[in-house]
Amino acid sequence: MADKKIIEVNGLSATFGEREVLRDVSFSAYQGEVTVILGESGSGKTTVLKHLLGLYDIQEGYVSILDNDISDLNEEEQKDLYLKMGVFYQNGGLLNSLTVGENVSLPLEQHTHLDDDLIRRIVLTKLQLMHLNGVYDMFPSQLSGGMLKRAALARAMVMDPPLLFCDEPGAGLDPISLASLDKLILNLRKELGMSIVIITHEVSSILRIADRIVFIDEGKIIFTGKIKDALESKNKEVHDFFHI
Amino acid sequence: MVKPKIHNNSKDPDKDFKIEQSTLYLKYSLLLGDLDRWIPAVQEYIKNMQDPITEINLDGLKKIDSAGVAAILQLKDELIKNSKDVKIVGGSPSIRKKIGLFSYQEPPASRDRRRMSFFESTAESFLNFYHDYMVRYFTLAADVLYWSVTDIFKSRTHRKGEFYNQAVLIGVNAVYIICMLSFIIGLVIALQSAAQLRNFGANIYIVDLIVISMMREMGPLITAILVAGRSGSAIAAEIATMKVTSELDAIKTMALNPIRFVIVPKMHGSIITMPFLTILANVMGILGGMLIAYLYLDIGPEIFINRMGETLYNRDILIGILKSLVFAVLIVLTGSFFGLNVEEGAEGVGKVTTQAVVVAISIVIIADSIIGLIFY
Ligand SMILES: Nc1ncnc2c1ncn2[C@@H]1O[C@H](COP(=O)(O)OP(=O)(O)OP(=O)(O)O)[C@@H](O)[C@H]1O
Ligand SMILES: [Mg+2]
């Protein structure tokens with residue numbers, strides 16, 4: 001069970017205009033693991049993620065998620081796949097025209113037939129899990145940066161998806177919030193068996209949560225494998241990242 | 001070497017540099033504040049020289065900053081054009097270190113583009129325009145119209161109450177301004193023509209003039225232009241902002257269709273309200289005309305309405321309504337199209353908003369004339 005591949009990326013390349021942003025990216029992520037994608041700013045992490053999410057057309061290479069070749073899905077299949085994943089976007093991605101409560105309930109409201117009271121209870125639970133109380137009726141523009149991130153994370157996991165993607169959820173959080181975020185992620189993995197793909201730079205965080213890392217540099221993979229192999233890696237960049 | 005005459009307004013040019021046997025000796029300091037004086041002086045000097053300079057010597061230089069380094073390297077690039085090689089030599093370790101630190105290297109140029117001829121570039125920009133705008137506009141139109149029809153009775157594809165919100169935003173909130181402006185326009189058209197008609201003793205034709213021009217032309221057009229200005233821009237700005245802040249991506253990965261979730265309710269809202277707004281504009285415009293007819297041409301409301309019954313055909317009313325529906329679709333489509341077209345960044349939002357209004361109004365006017373031609 002532990003070794004079931006849930007994401008497989010093979011030879012993914014992407015060029016925007018004249019710029020080659022990704023070159024021959026290949027890696028896998030496994031069920032029930034936390035996979036960390038890391039690399040310098042501008043190295044292409046978000047671009048990889050957006051390819052995984054099917055937000056960019058795949059120009060070259062192959063991406064499969066939960067055994068679906070994502071460039072070969074019809075509308076229904078794509079919808080089914082999206083229902084199995086939650087996404088946290090780098091800049092939040094909450095709908096600014098809706099309150100926090102409406103944002104977090106949106107997936108439940110649209111994709112289930114639960115009644116409004118039950119939805120409200122589920123949403124309040126998720127918000128509480130993120131230490132957000134009393135924000136249900138506030139608009140995203142009224143929250144602080146860190147609260148916004150936590151609200152967005154609450155929305156990403158409101159459906160308890162088996163697969164969770166997070167683009168830098170920890171950036172800009174204070175060390176204490178960061179530690180509790182890490183704890184939450186570990187809990188999601190352990191209690192719900194979620195598989196989590198997370199982009200982050202925080203070394204402390206990576207050491208706490210990562211099972212496996214994917215190291216990207218200028219659009220190329222320079223290391224992929226278990227975290228303990230990364231710590232012993234001879235590759236200069238990887239070594240420098242963990243031992244500064 | 002001939003030492004040329006130099007016309008230099010700085011008191012002592014030798015203070016900054018001197019040139020001997022193809023070597024340029026730099027002295028003292030080369031800081032940002034010195035460059036305004038230094039660059040013209042050096043250039044003047046070099047222009048009048050016969051032998052090219054092949055060496056820049058930094059031994060005398062005491063102080064330099066990043067701007068100074070940039071100036072030296074720039075000078076070197078210029079000098080290289082005249083001589084095969086220019087070397088930068090000497091300088092204290094600290095100066096050399098700064099030069100290393102501050103030198104800017106052009107990133108390797110990506111593939112040289114062949115210069116295109118005038119015809120080629122015109123053709124290419126036409127093709128780009130065709131592909132970037134026309135093809136994508138029609139693709140979007142097809143998508144939006146398809147979903148607008150299939151979603152008429154489905155509310156689960158967007159939020160409850162969203163259609164109502166949009167109808168209020170696009171339609172109801174525009175009522176006051178549309179009433180006011182069409183009343184004024186009816187008034188003005190009547191006023192302008194009253195004097196002429198009176199000269200010919202053709203007073204009663206004011207009714208035909210007002211009714212037909214409002215119903216067929218001005219009513220739908222005024223409404224559409226106002227709605228394009230109010231809602232076309234709002235739609236473009238809203239969608240562009242949603243795209244820039246990943247909201248559209250988020251909608252998609254929540255297994256919702258952004259077109260059905262965001263655009264279709266707007267389409268429904270505007271299709272439902274535009275005909276009513278247009279009828280309202282017609283009525284107000286005719287009221288304006290009626291007022292002038294009464295005040296200036298002695299045509300009482302009763303006569304006006306009687307005559308109106310004779311001149312007005314169903315056809316005119318229907319054409320007005322048809323136009324308003326077409327305009328409703330075009331305004332929402334254009335606003336959405338430009339919103340989706342935004343390039344990353346907040347300034348992109350402002351840009352597409354303006355484009356959306358200008359293009360929406362132009363498209364409305366063009367469509368108006370096409371419909372006018374068809375149903376002439
Ligand atoms: N749609 C696009 N069009 C053109 N270039 C793009 C596009 N998206 C990303 N890029 C470029 O691709 C490169 C990688 O961007 P990406 O957002 O993936 O970086 P990142 O690794 O997520 O960085 P950060 O840590 O700062 O978020 C950048 O140089 C960026 O300019
Ligand atoms: Mg990023």
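Which side chains meet in a salt bridge at 3.2 Å, N to O? They are those of Arg159(B) and Glu109(A), a salt bridge being a side-chain nitrogen of Lys or Arg within 4 Å of a carboxyl oxygen of Asp or Glu.

## Basis

This is a predicted model, in which local features need pLDDT of at least 70 and side-chain atom pairs count only at pLDDT 80 or more, while totals for chains, interfaces and linings use all residues. Residues are numbered from 1 along each chain, chains are lettered from A and ligands numbered from 1 in written order, and side-chain values use heavy atoms, without hydrogens and water.

## Interface of chains A and B

The contact (heavy atoms within 4.5 Å) takes 29 residues from chain A and 23 residues from chain B. About 2,200 Å² is buried between the two chains, 48% of it on carbon and sulfur atoms; buried area is the accessible area, with a 1.4 Å probe, that two parts lose on being put together, summed over both. Glu18(A), Tyr82(A) and Gln110(A) supply 27% of the area that chain A buries against chain B, more than any other three residues.

Across this interface the rule finds 3 salt bridges.

## Surroundings of ligand 1

Ligand 1 is surrounded by 15 residues (a heavy atom within 4 Å), and the closest are Arg19(A), Ser41(A), Lys45(A), Thr46(A) and Thr47(A). An oxygen atom of ligand 1 lies 2.6 Å from an N or O atom in the side chain of Ser41(A), and a polar side-chain atom of Thr47(A) is 2.6 Å from an oxygen atom of the ligand. The protein buries 67% of the 630 Å² that ligand 1 exposes when taken alone, by the Shrake-Rupley method with a 1.4 Å probe.

How values were computed
A polar contact is a pair of N or O atoms within 3.5 Å; within protein, one must be able to donate a hydrogen and the other to accept it, and residues adjacent in sequence count only if both atoms are side-chain atoms.
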